[in-house]
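Let us read a structure feature by feature.

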Amino acid sequence: MSTDPALLEKHLARYALGQDNAFTSLNTAFFQDGAFVYVSAGKVVEKPIQLLFISTGKESGATSHPRNLIIAEKDAHVTVIESYVSIGDAPYFTNAVTELVGARER
């Protein structure tokens, strides 16, 4: 966010809109964390990128709303794997939203 805030502002919360989805609206209202993956034009990321989100809540009802943004410019190739786990036994709720932006041919 500190290196290129304009890029993040241009794309974050612009694609997954909540008017038809209550969970997206909930995520938009409460997200405080997430991941940002940016792959520049022509770049090939050989190994998959794994996003691992770990719930550490010890009491029932822990909730998280991660918001992820993945941008792949023209001719970029990347594989992203998302995993959501808990280290405790208590029930928890994860309401993740991932926005994917890929370059299009014009």
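**Reading the contacts**

Q: Where does the charged end of Arg67 sit?
A: The charged end of Arg67 sits over the ring of Phe31, 5.7 Å from its centre. Keep in mind that this is a predicted model.

Q: Which residue forms a salt bridge with Arg67?
A: Glu99 does, with the closest N and O atoms 3.4 Å apart. The structure holds one salt bridge. Arg67 lies in strand S4 and Glu99 in strand S7, so the pair ties together parts that are 32 residues apart in sequence.

Q: Is Arg67 buried or exposed?
A: The test is relative accessible area, and under 20% means buried. Arg67 has 3% relative accessibility, so Arg67 counts as buried. Glu99 is buried too, because its relative accessible area is 2%.

Q: How do the side chains along S7 point?
A: They alternate. Val97, Glu99 and Val101 point to one face and are buried.

Q: How do strands of a sheet pair?
A: They pair through backbone hydrogen bonds, either parallel or antiparallel. Now the case here.

Q: What is the strand order in the open sheet of three strands?
A: The order is S1-S4-S7, with parallel pairing. Strand S1 (36-39) and strand S7 (97-102) stand at the edges. Each has a single partner strand, so one side of each is left without a neighbour in the sheet. On average, neighbouring strands of this sheet are turned by 5° against each other, direction ignored.

Q: How many bridges pair S1 and S4?
A: Four bridges, in the parallel sense; S4 spans residues 67-72. Val37 has Ile70 in S4 as its bridge partner.

Q: How many bridges pair S4 and S7?
A: Six, again read in the parallel sense. Ile70 stands opposite Leu100 in S7.

Q: Which side chain does Asn68 join in a polar contact?
A: The side chain of Glu82, at 3.4 Å. Asn68 itself is in strand S4. Its relative accessibility is 0%, so Asn68 counts as buried.

Q: How many aromatic pairs does a search of the whole structure find?
A: Two. Phe23 and Phe93 form a pair that is tilted, at 6.1 Å centre to centre and 45° between the planes. This pair links distant parts of the chain, 70 residues apart. Phe23 is in helix H2 (residues 22-30), and Phe93 is in strand S6 (residues 92-94).

Q: What is the relative accessible area of Phe93?
A: It is 33%, so Phe93 is partly exposed.

Q: How is the aromatic pair of Phe53 and Tyr84 arranged?
A: Check the angle between the planes: under 30 degrees counts as stacked. Phe53 and Tyr84 have 5° between the planes, and the pair is stacked. Centre to centre, the rings are 5.0 Å apart.

Q: Which strands hold Phe53 and Tyr84?
A: Phe53 lies in strand S2 (residues 49-55) and Tyr84 in strand S5 (residues 80-86). The pair therefore ties together parts that are 31 residues apart in sequence.

Q: Is Phe53 buried or exposed?
A: Phe53 is buried, because its relative accessible area is 18%. Tyr84 is partly exposed, with a relative accessible area of 26%.

Terms used: Residues numbered from 1 in each chain as written. Predicted model: local features only at pLDDT ≥ 70, side-chain atom pairs only at ≥ 80, totals over all residues. Heavy atoms only, no water. Phe/Tyr/Trp six-rings, centres within 6.5 Å; stacked < 30°, edge-to-face > 60°. Helix = DSSP H or I, 4+ residues; strand = E, 2+ residues; numbered from the N terminus. Buried < 20%, exposed > 50% of the residue type's maximum accessible area, 1.4 Å probe, protein only. Lys NZ or Arg CZ within 6 Å of the ring centre and 35° of its normal. Pairing = 2+ DSSP bridges. Axes fitted to C-alpha atoms, helices over the stretch in contact; angles between N-to-C directions. Salt bridge = Lys/Arg side-chain N within 4 Å of Asp/Glu carboxyl O. Polar contact = N/O pair within 3.5 Å; in protein donor to acceptor, adjacent residues only side chain to side chain.
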